[in-house]
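Please keep the sequence and the model in view while reading.

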Amino acid sequence: MHLALVCLLLLGVLEVSGAPNADEIKYLPGLSKQPSFKHYSGYFSVADNKHLHYWFVESQKDPAGSPVVLWLNGGPGCSSLDGLLTEHGPFLIQDDGATLEYNPYAWNKIANVLYLESPAGVGFSYSDDQKYTTNDTEVATNNYLALKEFFRLFPEFSKNEFFLTGESYGGIYIPTLAEIVMEDSSINLQGIAVGNGLSSYELNDNSLVYFAYYHGLLGTSLWNDLQTFCCKDGACNFYDNQDVNCSTSLYAVQNIVYNSGLNMYNLYAPCAGGIYAKKSRKKYLSDTFLQQFNLVDIFIHEHNERVVNLPTVYC
């Protein structure tokens, strides 16, 4: 009887003792020294036989007392490992594509951070039936189910302060998820944060043109065309303008912003391997832009094309 009671108590302790050992990362290639904090990688099974990949890094300061932060990159369709390995994670990929360096500004200096690849089909997340069509409501539900699974697997963090954070299409992901989480009193939600968030496609598309122009990306000819074909009586519509000439000019803007090889989240940062642009874009780009990034050589000597060594989707 006494032995049975001891066994039951031990089982109870094991159930709440914490993190799954099988998911703990014991060795990470690319680091000169392995981290002093624990980190984990695995899957949360959610609805409809979907499995969302996660990478969880414990706080370097005080895991038990530090808040838990969920991070979602946007897209939609961008991996949250981009946030982990190129933005605010504890280690950042270097230009050689193989080396990791510790990030002095890592969020896990003061927080436990959960990076979740969502929805299924993004990164290492997958669906058993390989059907990946989804919508914002389904994504929010599955993200919530992933959180419930996280706190089941890591019960030692269930009482910690909890924050939802993201960027870009996280402007949709985070509020829709928060609406569900707020109804669950078992999750100690304290706040949300969204950086550079998408809240309206109309605002996004209209602001993109001004962003490009005031950062010197657009030449005078293209800007004049935009003013002529997309604007009337002092008001511009760069979102759903039906003018064919306006659409052509807007395509040129999007081509410059999205396809010229620049990191639009940090235009003035150096690009690993240089940047590539087609000769046909020269007439659209401002002279200041060409001089600043030394693109003239690329346009004149087309055979001397330089490409980015490390293709990256910035999300």
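Q: Which residues of helix 4 are buried?
A: The model is predicted. Buried means under 20% relative accessible area. In helix 4, the residues that count as buried are Gly170, Gly171, Ile172, Tyr173, Ile174, Leu177, Ala178 and Val181.

Q: What do the buried residues of helix 4 pack against?
A: Contact means heavy atoms within 4.5 Å. The partners of the buried residues of helix 4 are strand 3 (68-72), helix 3 (136-153), strand 8 (162-167) and strand 9 (189-195).

Q: How far apart are the end C-alpha atoms of helix 4?
A: Helix 4 has twelve residues, 170-181, and at 1.5 Å a residue it should span 16 Å.

Q: How many aromatic pairs does a search of the whole structure find?
A: Rings pair if their centres lie within 6.5 Å. Searching the whole structure on this basis gives a count of aromatic pairs of 22.

Q: Is the aromatic pair of tyrosine 40 and phenylalanine 154 stacked or edge-to-face?
A: The ring centres are 5.2 Å apart, with 80 degrees between the planes. Tyrosine 40 lies in strand 1 (residues 39-45) and phenylalanine 154 in the loop between helix 3 and strand 8, 114 residues apart. Both residues are buried. Planes over 60 degrees apart count as edge-to-face, so the pair of tyrosine 40 and phenylalanine 154 is edge-to-face.

Q: What is the angle between the planes of phenylalanine 44 and tyrosine 54?
A: Phenylalanine 44 in strand 1 and tyrosine 54 in strand 2 (residues 50-57) are ten residues apart. Phenylalanine 44 counts as buried because its relative accessibility is 0%, and tyrosine 54 counts as buried at 0% as well. The pair is stacked, with 4.3 Å centre to centre and an angle between the planes of 5 degrees.

Q: Which cysteine does a disulfide join to cysteine 230?
A: The S to S distance of this link is 2.1 Å. Cysteine 230 is in helix 6 (residues 220-230), and its partner is in helix 7 (residues 244-259), 16 residues apart. Both cysteines are buried, and the partner is cysteine 246.

Q: Is cysteine 236 buried or partly exposed?
A: Cysteine 236 forms a disulfide with cysteine 231, their sulfur atoms 2.0 Å apart. Cysteine 231 counts as buried because its relative accessibility is 15%. Cysteine 236 has 24% relative accessibility and therefore counts as partly exposed.

How values were computed
Residues are numbered from 1 along each chain as its sequence is written. This is a predicted model: local features need pLDDT of at least 70, side-chain atom pairs count only at pLDDT 80 or more; totals for chains, interfaces and linings use all residues. Side-chain values use heavy atoms; hydrogens and water are left out. Helices (H or I, at least four residues) and strands (E, at least two) are DSSP runs, numbered from the N terminus. The expected span of a helix is 1.5 Å times one less than its number of residues. Buried means under 20% relative accessible area, exposed over 50%, partly exposed in between (1.4 Å probe, protein chains only). Rings of Phe, Tyr and Trp (its six-membered ring) pair if their centres lie within 6.5 Å; planes under 30 degrees apart count as stacked, over 60 as edge-to-face and the rest as tilted. A disulfide is a pair of cysteine sulfur atoms within 2.5 Å.
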